[in-house]
Structures are given as C-alpha cells and as structure tokens.
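The following note was prepared for a colleague who wishes to discuss this structure point by point. Please read it alongside the sequence and the coordinates.

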Amino acid sequence: MELFSRRAFLVGLASIGGGLAFGYATTPEPSEGEGRAIHCPFLAMNPPDTRNVWTFARGCEDNGQSYSMALVVATMVTYSQKGLWAVLRHEAPDIFRLDQVPGISHDDLYQNFIPELREMAETRARDGLIALQDLVEMKEWVADQVGVTPGEASKTETALLFVRSGGDLESWTVGLDDVFRLLNGQRPEAEAVVTPAKLNQAMDQTSWRA
C-alpha cells in the first residue's frame, strides 16, 4: 500500500471515529456532473449520494460492496483527490474525477473495449460461463492496446469485476452476461457482495504475465 494510502487510512479511522462520536460533519454540496461520465462501472450502475463519506459508503453498500470496505476506500480516494482537510470534513470522493487518483486510476479500462471483449469472451465461454483467468487475459489484452502493463489497481479491478458479477470461489467461473452487465454500468443479476477477503481470494487465483 502506498504511503498516502497508509496515512489516509489512519487519518480516516480517526475521522470516522470522530464522526461516530460527534455526528457527521457538514460537507459541501456535491459537484454537478456537467455531462461528464463516471468512469467506474461499479458506481455508474447506481451513483451513490456524495453529500459525505457516510452517504457515499451506504451507496456503495447498495451496489454490492461491504460498508466498512467502502468507507476505507472512499477515505483514501478523498485524501488523494482533495487532501487532509477534506478527509477530516468527511467529504466523499469526486466520482467525476476517478481518472485522476494517483495509485488507483489506470488507463487499461475494460469498458473502453466492450465490443471486442464481448466477442473474445463468447469464444471462451462454456455454458454461459467464463473463467477468472479469462478476465485476466482480457485485461492484459486491453493493456496491450493502450501500451501499459497492468498494475495493482488493474489487478484489483479484475478481481472486483469477478466477485461482484457473482463469480464462484470454488470453480472460479462467472456468468458472461453478468460480467458485461456490470461493465455496461448495469446491475448484475447475481447479488454478490464484495469484501476484502473475497478480493484477496480471487487475486490469489490469478496468474499475470508480469
């Protein structure tokens, strides 16, 4: 974990504890989208309320992420985007600038190549299922198209896509249609919940070129 993330985590824990003890801090009005896209399909399927980090985390929970995990991730992103004062004020991340978060943003986005990836996935599918390793190889293909090497954020995204789309943690397969629903910003039919433990399990099962 990068230094800013460790610092954000510690400051966030203190800030969250203060919020629980003394009530939620008043935060600025959420920024308007002004027609901008939300780059994260996980958030795009049902954009969370960004009045503060608490409402943001509840929105992420509705989208299938554990509440505690959402609080920690949101704190780190807010720290990176807006700084310490914003974390202390319990501000939510700016969901329209998720492509500008050092250590988390990345260029090898699945959703920029959906037609090509859908065709690729259909050639690999068996009974409507594809393997977790197929998602890895699809991510590596995307990375080749944009001239990068998948980093930790991209590898985490691959595991998150698998888990949230209802991936089976024993067979390591997932429904093709659910994967592409999520990539298109739509709710998968599988009502899976993303937790750090499940993400780690999925990441441990992947094999990357580099």
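Is Arg118 buried, exposed or partly exposed? Arg118 is partly exposed, because its relative accessible area is 25%; buried means under 20% relative accessible area, exposed over 50%, and partly exposed in between, with a 1.4 Å probe and protein chains only.

1. Basis of the note. This is a predicted model, in which local features need pLDDT of at least 70 and side-chain atom pairs count only at pLDDT 80 or more, whereas totals for chains, interfaces and linings use all residues. Residues are numbered from 1 along each chain as its sequence is written, and side-chain values use heavy atoms, with hydrogens and water left out. Helices (H or I, at least four residues) and strands (E, at least two) are DSSP runs, numbered from the N terminus.

2. Arg118 and its partner. Arg118 forms a salt bridge with Asp177, and the closest N and O atoms are 2.7 Å apart. The pair links distant parts of the chain, with Asp177 in helix α9 and Arg118 in helix α6 (residues 114-124), 59 residues apart. Asp177 counts as partly exposed because its relative accessibility is 40%. A salt bridge here is a side-chain nitrogen of Lys or Arg within 4 Å of a carboxyl oxygen of Asp or Glu; by this rule the count comes to 14 salt bridges.

3. A bridge between α6 and α7. The side chains of Arg124 and Glu137 also meet in a salt bridge, at 2.7 Å from N to O. This pair links distant parts of the chain, Arg124 being in helix α6 and Glu137 in helix α7, 13 residues apart. Arg124, at 27% relative accessibility, counts as partly exposed, and Glu137, at 32%, is likewise partly exposed.

4. In the salt bridge of Asp144 with Arg209, the closest N and O atoms are 2.9 Å apart. Asp144 lies in helix α7 and Arg209 in the segment after α10, 65 residues apart, and the pair links distant parts of the chain. Asp144 is partly exposed at 44% relative accessibility, whereas Arg209 is exposed, with a relative accessible area of 57%.

5. A network. Lys82, Arg89 and Glu91 are linked in a network of salt bridges.

6. Helix α8. The 13 residues of α8 (residues 152-164) should span 18 Å at 1.5 Å a residue, and the end C-alpha atoms are 18 Å apart, which agrees; the expected span is 1.5 Å times one less than the number of residues. Among the buried residues of α8 are Leu161, Phe162 and Val163, together with Lys155 and Glu157. The elements that cover the buried residues of α8 include α2 (41-44), α7 (132-146), β2 (173-175), α9 (176-183) and α10 (196-204). After α8 comes Gly166, whose phi is positive, near 90°.

7. Packing of α3 on α4. These two helices pack at an angle of about 130°, with their axes 8 Å apart. That makes α3 oblique to α4, since angles under 35 degrees count as roughly parallel, over 145 as roughly antiparallel, 65 to 115 as roughly perpendicular and the rest as oblique. Contact (heavy atoms within 4.5 Å) is made by residues including Trp54 and Phe56 of α3 and Tyr67 and Leu71 of α4.

8. The loop between α3 and α4. Gln65 lies in the loop between α3 (53-62) and α4 (67-82) and counts as buried because its relative accessibility is 8%. Leaving aside neighbours within four places in sequence, Gln65 is in contact with Phe42, Cys60, Ala70, Val73, Val193 and Val194.

Methods:
Axes fitted to C-alpha atoms, helices over the stretch in contact; angles between N-to-C directions.
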